[in-house]
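Me: I am new to this structure and would like to learn how to read it, one feature at a time. Could you take me through it slowly?

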Amino acid sequence: MIKASINIQDLRRKIYIKAKADKTWRFWGLYVHVCKIETLQEAYKMAKNKNGAPGIDGITFDNIEASGIEIFLQQIQKELISGTYWPTQNRRKEIPKGDGKYRILGIPTIRDRVVQGALKLILEPIFEADFQEGSYGYRPKRNPHQAIDRVAKAVVENKTRVIDLDLRSYFDTVRHDLLLKKVAKRVNDENVMRLLKLILKASGKRGVPQGGVISPLLANLYLNEVDKMLEKAKEVTRHEQYTHIEYARFADDIVILIDAYPKWNWLEKAVYQRLLEELTKLDVQLNEEKTRIVNLANGESFGFLGFDFRRSRTRKGKWGVLFTPKMKARTKILTELKETFRRFQSQPVSRVIELINPVLRGWVNYYRVGNSGRCFGYVKDWIEKKVRRHLMRARNLKGFGWDRWSRNWLYQNLGLYSDYKIRHYKNPKALPAQ
């Protein structure tokens, strides 16, 4: 899970083992562990490692460390123990989504991030014991590539009828009363429940703020019954080692894949109906404009976690899976890099490369799976041309300087990012083409 001190690691391990062994156990005496200075210190380290922007109070990590971290944490501990802690309102920040709309981030103060982090350290192992295999979002030892691999494997196994779900404003619409009931099923501690209620109220009457430390855990818990329903559907339709339904969820991004064999035609409607029933219980709505039911066998495709998935034949003529970065993802990275070149066009090329390399590295590391080679080739060529134009402009010359600088010189002498190697997805046994 989260890398923490030995004492906290040991405590979290014990909580997880107990929660895993007894699914009905309600934990008590948790608040004292939330208030421990060791827990608060670990929560502060977690917040500092992410080095996020300050909250509405404007206080930064430098400000805190100038006054003394221990004094800062001791004050938080005092407020928690005395019951006088009160969360500050989150700072709202709009993040463009690329379709003209914005995602609203609720950024807590560092003080509130520490409290949320401490609470998460204690609650996370309880609910991790209850979470399902198909859930991958913001969980310890899980990442988007695992979810992508799960979906790709399902396509290869001929699960080509896909329900591609889009939840309408999910994080903003979570009902606090229902969420607190779900927490209370495993937590029998009034002080923990009071603290959690205060944290939720600081974000408004509904929703969990995107940007809150504990929000991903709570968002996963809220949809856990949906995951359980899908796991049950998977098991009741299983025939020995063969499954006829698969799903993957990363936060509010969900895809369900169903066997293409005609025998399982009924399963698509049945699962969709059960899904609507579970979402209705949670007061979560589908975005009907973006929710799609597609059939990969008809040449259609669907998107998941930034990739487009479609079925394709392998070189041996069998059915496999092709997944590539979405065009929107490529456009977004090039737009960001283009702005950097524009803003720093009067700066030395070494400064520009210093700025673009980390951006490129992060983007490529995410998309270096599947069939991203052609996309990477395009991005790599585009970057090379922009660097060449930057060099030529600095000399008041036109063109790209093909004869002045070799490709190797750009990478070896200037240090331009160059690692575009793909980690190919290892297909299970491909199915014969029909």
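Me: Where is serine 169 found?

Reply: Please keep in mind that this is a predicted model. Serine 169 is found in the loop between β3 and α8, the latter covering residues 170-173.

Me: What is the phi of serine 169, and how should I read such a value?

Reply: In general, most residues other than glycine have a negative phi. Here serine 169, although not a glycine, has a positive phi of about 45 degrees, and with a relative accessible area of 43% this serine is partly exposed. Leucine 305 also has a positive phi, near 50 degrees, without being a glycine. Leucine 305 lies in the loop between β7 (302-304) and β8 (307-313), and its 13% relative accessibility is under the 20% limit, so leucine 305 counts as buried.

Me: Which residues have the most contacts inside the largest nonpolar core?

Reply: The general idea is that in soluble globular proteins nonpolar side chains tend to be buried together. In this model the largest nonpolar core has 128 residues, and those with the most contacts inside it are Leu123, Ile256, Phe302, Phe309 and Ile383. Helix α6, residues 110-128, supplies the largest share of this core, with 10 residues. If we set aside residues up to four places away in sequence, isoleucine 383 touches Leu337, Phe341, Ile356, Leu360 and Leu416.

Me: How many aromatic pairs does a search of the whole structure find?

Reply: A pair of aromatic rings is described by the distance of the centres and the angle of the planes. The search of the whole structure finds 19 aromatic pairs. In one of them, phenylalanine 302 and phenylalanine 309, the ring centres are 5.1 Å apart and the planes are at 10 degrees, so this pair is stacked. Both phenylalanine 302 and phenylalanine 309 are buried. In another pair, phenylalanine 376 and tyrosine 420, the centres are 6.0 Å apart and the planes are at 70 degrees, so the arrangement is edge-to-face. This second pair links distant parts of the chain, 44 residues apart, since phenylalanine 376 is in helix α16 (residues 373-394) and tyrosine 420 in the loop between α17 (407-412) and β10 (431-432). Phenylalanine 376 is buried at 1% relative accessibility, and tyrosine 420 is buried with a relative accessible area of 12%. These residues belong to one aromatic cluster, whose members include Phe302, Phe309, Phe376 and Tyr420.

Me: Over which ring does the charged end of arginine 150 sit?

Reply: The charged end of arginine 150 sits over the ring of tyrosine 247, at 5.3 Å from its centre. Arginine 389, for its part, lies over the face of phenylalanine 400, at 5.8 Å from the ring centre.

Me: What is the order of strands in the open sheet of 4 strands?

Reply: Strands of a sheet pair through backbone hydrogen bonds, either parallel or antiparallel. In this sheet the order is β4-β5-β3-β6, and the pairing is antiparallel. The edge strands, each pairing on one side only, are β4 (245-250) and β6 (292-295), and the twist from one strand to the next averages 15 degrees. Strand β3, residues 161-166, pairs with β6 in the antiparallel sense over 4 bridges, and isoleucine 163 has isoleucine 293 in β6 as its bridge partner.

Me: Which helix lies across β3, β4, β5 and β6?

Reply: That is helix α13, residues 265-281, which runs at about 15 degrees to β3.

Key:
Residues are numbered from 1 along each chain as its sequence is written. This is a predicted model: local features need pLDDT of at least 70, side-chain atom pairs count only at pLDDT 80 or more; totals for chains, interfaces and linings use all residues. Side-chain values use heavy atoms; hydrogens and water are left out. A nonpolar core is a set of buried Ala, Val, Leu, Ile, Met, Phe, Trp, Tyr and Cys residues joined through side-chain atoms within 4.5 Å. Buried means under 20% relative accessible area, exposed over 50%, partly exposed in between (1.4 Å probe, protein chains only). Helices (H or I, at least four residues) and strands (E, at least two) are DSSP runs, numbered from the N terminus. Contact means heavy atoms within 4.5 Å. Rings of Phe, Tyr and Trp (its six-membered ring) pair if their centres lie within 6.5 Å; planes under 30 degrees apart count as stacked, over 60 as edge-to-face and the rest as tilted. A charge sits over a ring if NZ of Lys or CZ of Arg is within 6 Å of the ring centre and within 35 degrees of the ring normal. Two strands pair if DSSP finds at least two bridges between them. Axes are lines fitted to C-alpha atoms, for helices over the stretch in contact, and angles run from 0 to 180 degrees between N-to-C directions.
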